[in-house]
Amino acid sequence: MTQHLSPEKILQTGLAFWASKTLLSAIEMGVFTELSRGPESFDSLSGRLGLHPRSARDFLDTLVALGFLARGTDGYSNTPEADLFLDRRKPSYVGGILEMANSRLYPFWAHLTEALRTGLQQNESKTGAADLFVTLYADPARLKEFLGAMTGISHGANMTIARAFPWKDYRTFVDVGTAQGDLGVQIALANPHLHGTGFDLPEVAPIFEEYAGTAGVSDRLTFQPGDFFKQDIPKADVVLMGHILHDWDLPTKRMLIKKAFDALPVGGALVVYEAIIDDDRSMNAFGLMMSLNMLIETKGGFDYTGSDCSSWMKEAGFSTTRVEELVGPDSMVIAIK
């Protein structure tokens with residue numbers, strides 16, 4: 001039987017950080033933005049990127065072998081996916097979350113073993129720094145980068161929710177922890193009859209308003225400053241929480257769900273979405289690893305299954321729940337009051 005077994009998957013997974021860091025460094029140095037203008041020769045590209053001659057060709061050819069660059073007689077060029085999603089100048093850019101992964105998560109994950117044995121955060125808090133969100137919201141530049149990263153990781157799911165949810169049955173919505181506001185923007189763009197509110201800390205307001213204004217939906221999408229720990233959630237027909245609940249421990253998750261319930265009219269809906277773990281806890285590897293990331297980054301946060309979320313919703317008083325897949329690892333749990 002052993003003649004049919006291979007260590008290939010073990011080795012590929014164990015050394016996957018090689019490929020990951022190659023891509024993250026390419027994004028950090030702006031390789032794909034540089035090539036958005038068109039193909040460049042090896043000498044021109046390596047010179048403009050400031051690459052040392054010893055490793056320049058290996059680095060660029062690794063990106064070819066990984067499928068992020070193409071190489072032809074006219075030099076190196078972006079693949080279609082890289083050109084669409086990794087050019088910083090395009091609105092479809094998803095590299096913001098990867099920039100954050102490179103600057104923050106990559107070094108913190110080196111301490112996963114310690115986190116698994118202690119249950120403690122392994123981010124800036126280890127050196128006595130303030131809580132992650134306190135640190136981010138205190139620095140406008142870092143906050144804008146972080147909120148842009150959240151848009152990058154959520155954009156596909158946001159567009160799906162804007163079209164897949166039965167919005168014709170509702171008139172108003174509130175996006176709790178709205179960040180840059182992409183979820184609200186996508187919903188407003190796809191459903192001209194809706195009016196929405198983005199609810200987040202006051203520091204987010206100018207970033208949200210700029211994003212909504214650029215999208216042309218400021219007349220139907222407004223920002224309301226607030227702290228969901230201290231204030232009620234604004235009332236609306238639909239309450240949305242995208243990539244919010246997994247940041248917090250179970251009592252806080254239950255508290256936020258109850259606040260959503262109280263904000264809704266009878267017949268109203270709560271939509272929770274993130275990388276919902278499959279009920280068997282064996283398929284959605286991204287969701288499970290996101291939960292490990294919550295161990296690294298937060299005091300008590302964790303990801304959860306659709307059944308978990310449904311049970312918390314019913315405890316809060318919701319009558320019916322259902323789970324629907326979105327895109328990639330994301331799903332949404334919908335509860336009706």
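Student: Where does Ala179 sit in this predicted model?

Tutor: Start with the elements on either side. Ala179 is in the loop between strand E3 (172–176) and helix H11 (182–190).

Student: Is Ala179 buried or exposed?

Tutor: Buried means under 20% relative accessible area. Ala179 comes to 12%, so it counts as buried.

Student: What is the phi of Ala179?

Tutor: Phi is near 60° for Ala179. That value is positive, and the residue is not a glycine.

Student: How is the accessibility of Arg281 classed?

Tutor: Partly exposed covers the range between the buried cut-off of 20% and the exposed cut-off of 50%. Arg281 has a relative accessible area of 49%, so it is partly exposed.

Student: Now Asn191. Where is Asn191 found?

Tutor: Follow H11 onward to strand E4 (195–200). Asn191 is in the loop between them.

Student: Why is Asn191 called buried?

Tutor: Apply the cut-off of under 20% again. Asn191 is buried because its relative accessible area is 11%.

Student: Which backbone atom does the side chain of Asn191 reach?

Tutor: For a polar contact, check that the N or O atoms are within 3.5 Å. Here the Asn191 side chain reaches the backbone oxygen of Ala162 at 3.0 Å.

Student: Which residues does Asn191 touch, leaving out those up to four places away in sequence?

Tutor: Asn191 touches Ala162, Trp167 and Arg220.

Methods: Residues numbered from 1 in each chain as written. Predicted model: local features only at pLDDT ≥ 70, side-chain atom pairs only at ≥ 80, totals over all residues. Heavy atoms only, no water. Helix = DSSP H or I, 4+ residues; strand = E, 2+ residues; numbered from the N terminus. Buried < 20%, exposed > 50% of the residue type's maximum accessible area, 1.4 Å probe, protein only. Polar contact = N/O pair within 3.5 Å; in protein donor to acceptor, adjacent residues only side chain to side chain. Contact = heavy atoms within 4.5 Å.
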